[in-house]
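User: Could you walk me through how some of the helices in this model are built and packed?

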Amino acid sequence: MSAPANAGPDRAEQSLRQTLLSPGYRRLLLLCVLLGVPIALACFFFVGLQHELQHWVWTSLPEAAGYDTPPWWWPLPALLLAGLILAPIVTRMPGGGGHLPVNGLGGAPVGPRALPGAVLAALATLPLGVVLGPEAPLMAVGSGLALLAVRRAGAGGDQRASAILATAGSTAAISTILGGPVAAAVLLIEGAGLAGAQMVTLLLPCLLASAAGALVFTGFGQWTGLDIGALALPELPPQAGPDAGDFLWGLPTAALIAVLVTLARGLGHRTVTWTRHRTATRTVVCATAVGVCIAAYALITGRSPAEAALSGQAALAQLAAHPHAWSVGALVALVACKGLAWGIALGALRGGPIFPSVLLGAATALACSGLPGFGATPALALGISAAAAAVTGLPLASAVLAVLLMGRDAHDQTPLMVMASVVAFVVAQLVRRTEPGAGTVAEGTSTAKAPR
């Protein structure tokens, strides 16, 4: 006699209930809440220090030298110094300074042994103008501190629990700059590729750690007054719902963004191959090349090189607040110069790949927004969504990120953002060739094993 058709789901539900009610899992949830607080504090001071160093390099120091804005040549010594600092970290320190950004946020969570190198690489080079974001170093801080706490407590023998806690720590860390636990949770769901009971048992610890971390992170921002430079758009263009013209021009623009982002990632993979030999010297060469690209932007446009340097959070906020302050030529130069610099940095330097790609997508879309019937607000929305989907391979998480960034304008723009995200994802898959070792954010959520 055959089993009832619903026997499988019933067994899965029973297994889930047993897992949720087990003392070990309840202790795991409690530990995630407790870990979320110190991880958030560490991330807050990490990002706050990075932002202060960045302000000193690109604002205070030029003013002290008698310049209102950094001169065009400013990136050249700054990025040369970044390369000289990074070269020994990459070649001599455990972990090589963290994950290669061309692989997304992928790979095993960073363990305590590799954490100092990842933190030092980020704090010493990102403020100098490396065209990468803070998201990957933040995830390293989260996973490294979580695993360190577990091992200090003598509970490191359970590899599965350690891997879950490391993932929860990474999620708590990245939620602090991605708009809170919702965006991080959606990224986890889509990136992990899990289903059923396995997904829920991994998701709940990450949600708890992220929520606890977000509360502490937000509170310290209000109490201390420090600017943490999180990805946010405090001002947006006037609200305007998308019409037929926005879809007519927007979806091809999303495809164009996907092509540009994918080509830059291809350059990153070629840079990885080139830097495998004589790594220290070629790391310095790549950092200097990034500086040349940024200086070229300043020379071509007459604008500040800081707009093309760094991760792009500040420039994205300026684009959103004043989308018509850039000429089409300046936007094209920004995409070309920063895109080339980003592609080189992906394969040789250390940091996160998402934030710069979002700026590139927004700039590309706004450069096209002068087309008949194509508005600035829909262009900004689809540019963010398309670029994030192309670089991460996660269309749902990318659309959610765009919704959170667009704030009050998100409701009307949601259909366009979702469609742009899907179009960019599909086009990126069509353009991208099979690249050994290439990955996406999804690799970063694997719980197969915990690092040493």
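This is a predicted model: local features need pLDDT of at least 70, side-chain atom pairs count only at pLDDT 80 or more; totals for chains, interfaces and linings use all residues.

User: How far does helix H9 reach from its first C-alpha to its last?

Analyst: H9 covers residues 244-275, which is 32 residues. At 1.5 Å a residue, the expected figure is 46 Å. The model comes close to that, with a reach of 47 Å.

User: Where in H9 does the kink lie?

Analyst: Look shortly before the proline Pro-252. The bend there is about 25°, and the residue where the kink lies is Gly-250.

User: Which residues of H10 make the contact with H9?

Analyst: H9 and helix H10 (residues 279-301) pack with their axes 9 Å apart, at an angle of about 145°. From H9, the contact uses Thr-271, Trp-274 and Thr-275. By class, the H9 contact with H10 has three nonpolar, three polar and one charged residues. On the H10 side, the residues are Thr-279, Arg-282, Val-285 and Cys-286.

User: How are H3 and H4 oriented to each other, roughly parallel or roughly antiparallel?

Analyst: Helix H3 (residues 75-92) and helix H4 (residues 115-125) have axes 9 Å apart and pack at about 175°. Angles over 145 degrees count as roughly antiparallel. So H3 and H4 are roughly antiparallel.

User: And how many charged residues does the contact of H3 with H4 have?

Analyst: Ala-82, Ile-85, Leu-86 and Ile-89 of H3 meet Gly-117, Leu-120, Ala-121, Ala-124 and Thr-125 of H4. By class, seven residues in the contact are nonpolar and two are polar. The number of charged ones is no residues at all.

User: What about H15 and H16: is the crossing left-handed or right-handed?

Analyst: The axes of helix H15 (residues 395-406) and helix H16 (residues 410-431) come within 9 Å and cross at roughly 150°. That makes H15 roughly antiparallel to H16. As for the hand of the H15 and H16 crossing, it's right-handed.

User: Which residues of H16 does H15 meet?

Analyst: H15 brings Pro-395, Ser-398, Ala-399, Ala-402, Val-403 and Met-406. The contact of H15 with H16 has nine nonpolar, three polar and no charged residues. The H16 partners are Ala-410, Thr-414, Met-417, Val-418, Ser-421 and Phe-425.

Key
Residues are numbered from 1 along each chain as its sequence is written. Side-chain values use heavy atoms; hydrogens and water are left out. Helices (H or I, at least four residues) and strands (E, at least two) are DSSP runs, numbered from the N terminus. The expected span of a helix is 1.5 Å times one less than its number of residues. The bend at a residue is the angle between axes fitted to the seven residues ending there and the seven starting there. Axes are lines fitted to C-alpha atoms, for helices over the stretch in contact, and angles run from 0 to 180 degrees between N-to-C directions. Angles under 35 degrees count as roughly parallel, over 145 as roughly antiparallel, 65 to 115 as roughly perpendicular and the rest as oblique. A crossing is left-handed if the near helix is turned anticlockwise from the far one by less than a right angle, and right-handed if clockwise. Contact means heavy atoms within 4.5 Å. Ala, Val, Leu, Ile, Met, Phe, Trp, Tyr, Cys and Pro count as nonpolar, Asp, Glu, Lys and Arg as charged, and the others, Gly among them, as polar.
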